[in-house]
Amino acid sequence: MNETRFAQAINRSLDDALARDSSIVLLGEDIANAGGTFAVTRGLLDKYGADRIIDMPIAENAIAGMAVGLALGGFKPVIEIMFMDFMTLTMDALVNQAAKLHFMFGGQGSVPMVVRTQHGGGINAGPQHSQCLEAWFAHIPGLKVVVPATLDDAYALLQSAIDDPNPVLFVENKALYPMKGVLTDDLPPTPLGKARIARAGSDVTIVSYGAMVYQAMEAAEQLASEGISAEVLDLRTVQPWDEEAVFASLSKTHRLVIAHEAVEAFGVGAEIAARMAQIGFDELDGPIMRVGAPFMPVPFARALEVDYIPSAARIIEAVRATDV
Amino acid sequence: MNLETNESIGISNARYPELLELYRRMVTIREAEKNCGAMFAAGEIPGFIHLSDGQEAVSVGVMASLRADDTIASTHRGHGHALAKGLHIDAFFRELMGKADGACKGRGGSMHVADLSVGMLGANGIVGGGVAIALGSGLAQKLRGSDGLAVCFFGDGALAEGIVHESLNIAQLKTIPVLFVCENNGWSEFSPTSTQITFTLERLAAAYGIPYYNADGSDVEKVAELTADVVEHVRRHRGPAVLEFATTRIRGHYEGDSQRYRNDTAPPVDPLAIARSLLEERGIDANELAAMETEIQSEIQRAVEAARLSTDPTLETAIQEVYAIVGVAA
Ligand SMILES: Cc1ncc(C[n+]2csc(CCOP(=O)(O)OP(=O)(O)O)c2C)c(N)n1
Ligand SMILES: [Mg+2]
């Protein structure tokens with residue numbers, strides 16, 4: 001079988017989408033001639049031309065705003081925002097315009113746009129090139145937020161994001177780009193909002209998404225050697241998140257840990273914990289634990305960053321704290 | 001009642017409708033605004049409303065050259081733009097009153113009124129918020145291969161917003177058929193715009209290499225004449241242009257504005273008065289004009305009465321349209 005990298009799975013997904021639907025256009029900084037800062041859009045300009053793979057100047061707010069206008073004009077724009085940290089410069093277009101338009105105009109029109117961006121540390125990119133800000137966007141009614149962990153999901157969820165009539169933030173983790181794996185041919189459509197059981201288990205549920213799924217898997221592996229059976233749930237979509245799947249797993253294991261790379265405070269884990277405390281109170285045999293980054297900017301130095309990003313060891317600690 | 005399109009009044013050969021028709025459209029907007037102001041004062045229209053009294057000639061004069069497939073992105077002061085582009089007067093009043101059958105089912109109100117079916121991509125509560133949307137809409141027209149264009153309206157105050165500068169650059173860089181229309185009323189909310197920016201739009205446009213034109217925004221014929229030329233240019237060359245119209249904001253920034261900051265003592269320039277005296281000069285009978293005005297007033301009265309009878313929306317219905325439904329084209 002052919003090995004593919006995570007970045008290439010996204011490239012292939014974009015390629016296949018562009019081939020099947022002429023209304024799809026890509027816009028972003030250095031995405032055409034240069035093939036993308038992380039080479040995700042490499043080769044697409046040659047195949048689809050400058051009318052569909054559009055290099056843009058460094059103007060994130062305008063790029064995002066134009067995507068809204070293109071979407072209203074019958075196109076399905078997929079824009080690339082080089083680093084999630086730069087999403088701060090798209091906030092008006094996304095939060096005030098794209099997210100609200102369908103609602104605010106009384107159901108007239110929709111904004112079928114995708115914002116591809118990448119988050120996460122691991123390459124010592126420092127405080128302004130490493131943040132995981134997905135919770136901000138999950139807080140906005142009208143936006144959807146997808147964070148794939150596997151090659152198949154990167155491919156298939158991007159197809160669903162592109163076909164979704166709403167603005168979707170598609171968040172890739174930069175540490176995953178070089179990850180090798182096998183991309184399944186002819187994947188069935190994967191709907192947004194459905195979690196995936198990455199590993200079945202019966203003693204504790206670890207909910208995660210994106211790159212942190214791999215730390216959760218490692219934690220589960222180590223716990224297994226101690227006779228603790230952990231179920232790892234990969235959310236895949238953070239907004240809407242699969243409440244039913246989390247509740248079902250909790251009802252089976254009665255213990256819950258939520259792990260993500262983003263800062264723990266006011267994060268995705270907080271929402272899930274609050275919801276499960278509310279609807280799953282009777283199922284719980286111990287406190288719900290959250291694992292996330294400490295409340296500080298992402299630090300630069302190797303020695304700092306390595307301790308900053310949540311590890312399998314910290315997830316195991318949290319599992320123990322649920323009183324297994 | 002709808003402000004009729006150029007096609008529907010049979011002026012396909014003329015470049016824009018005759019003055020009497022332009023005047024009729026301006027009176028419709030003024031009467032609508034007059035009612036909005038009164039209804040706001042009476043508590044019938046909630047929220048913030050920004051009236052366009054004094055700026056009708058820009059809405060009517062620019063829209064006179066647009067087709068149904070051309071799009072516009074508007075501003076917080078967008079009533080005139082919306083009506084001139086073809087938003088139905090009934091849907092307009094129902095929306096401002098927050099009714100279930102308003103243009104936006106009562107979810108947007110004055111600052112977000114929109115009618116995508118006539119290419120009106122929305123008023124906007126964010127200063128400069130519509131500019132890049134128009135840019136994208138213009139790019140969509142170009143990529144589709146049509147000769148349509150997008151127009152973005154913005155005030156002089158918006159010139160201080162970064163998005164305007166980003167958009168001017170991109171419009172010229174990518175040769176996008178978008179018409180930037182600045183309604184310069186001299187005010188940025190409660191501050192004279194002269195205290196807000198260090199440049200003129202003319203020099204800014206020159207810096208970006210975009211053709212720039214201006215005219216007296218209180219003379220509807222001059223607005224229509226210039227716009228007809230520039231729109232033709234944009235349609236043909238598929239690139240941007242900038243239009244700046246000097247206008248007067250007759251009323252406060254919003255209704256209820258005490259305007260204590262305001263010390264301009266000259267009587268406001270009124271585009272309706274200018275058009276009316278021109279019409280009389282050209283021999284249109286004053287009685288005929290008065291009859292037309294009365295007819296418009298009663299038609300607007302009818303729309304207002306109808307809106308009053310409409311029902312309130314419910315949260316149960318509203319929450320169903322936070323997201324467009326997958327697999328259903330909106
Ligand atoms: C981003 C943003 N900043 C500030 C405001 C508050 N505000 C609303 S209108 C306005 C003045 C805008 O002036 P201009 O663009 O000239 O429009 P005018 O009111 O004169 O028609 C301001 C500051 C806003 N709505 N949005
Ligand atoms: Mg102004």
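1. A residue is counted as near a molecule or strand if one of its heavy atoms lies within 4 Å of it. Around ligand 1 there are 15 residues, and those that come nearest are B:H76, B:R77, B:G125, B:G157 and B:N185.

2. This is a predicted model, in which local features need pLDDT of at least 70, side-chain atom pairs count only at pLDDT 80 or more, and totals for chains, interfaces and linings use all residues. Residues are numbered from 1 along each chain as its sequence is written, chains are lettered from A and ligands numbered from 1 in the order in which they are written, and side-chain values use heavy atoms, with hydrogens and water left out.

3. The shell around ligand 1 comprises four nonpolar, seven polar and four charged residues; here Ala, Val, Leu, Ile, Met, Phe, Trp, Tyr, Cys and Pro count as nonpolar, Asp, Glu, Lys and Arg as charged, and the others, Gly among them, as polar.

4. The side chain of B:D156 places an N or O atom 3.0 Å from a ligand 1 oxygen, and a polar side-chain atom of B:N185 is 2.8 Å from a ligand 1 oxygen. From B:W187, a backbone N or O atom lies 2.9 Å from an oxygen of ligand 1. Of the 580 Å² that ligand 1 exposes when taken alone, the protein buries 74% (Shrake-Rupley method, 1.4 Å probe).

5. Zero disulfides are counted over all chains, a disulfide being a pair of cysteine sulfur atoms within 2.5 Å. B:C36 is in no disulfide, and the nearest cysteine sulfur, that of B:C104, is 14 Å away. B:C36 is buried at 0% relative accessibility (buried means under 20% relative accessible area, exposed over 50%, partly exposed in between; 1.4 Å probe, protein chains only).

6. The sulfur of B:C182 is too far for a bond from its closest cysteine sulfur, in B:C152, at 9.7 Å. B:C182 is likewise buried, with a relative accessible area of 0%.

How values were computed:
Polar contact = N/O pair within 3.5 Å; in protein donor to acceptor, adjacent residues only side chain to side chain.
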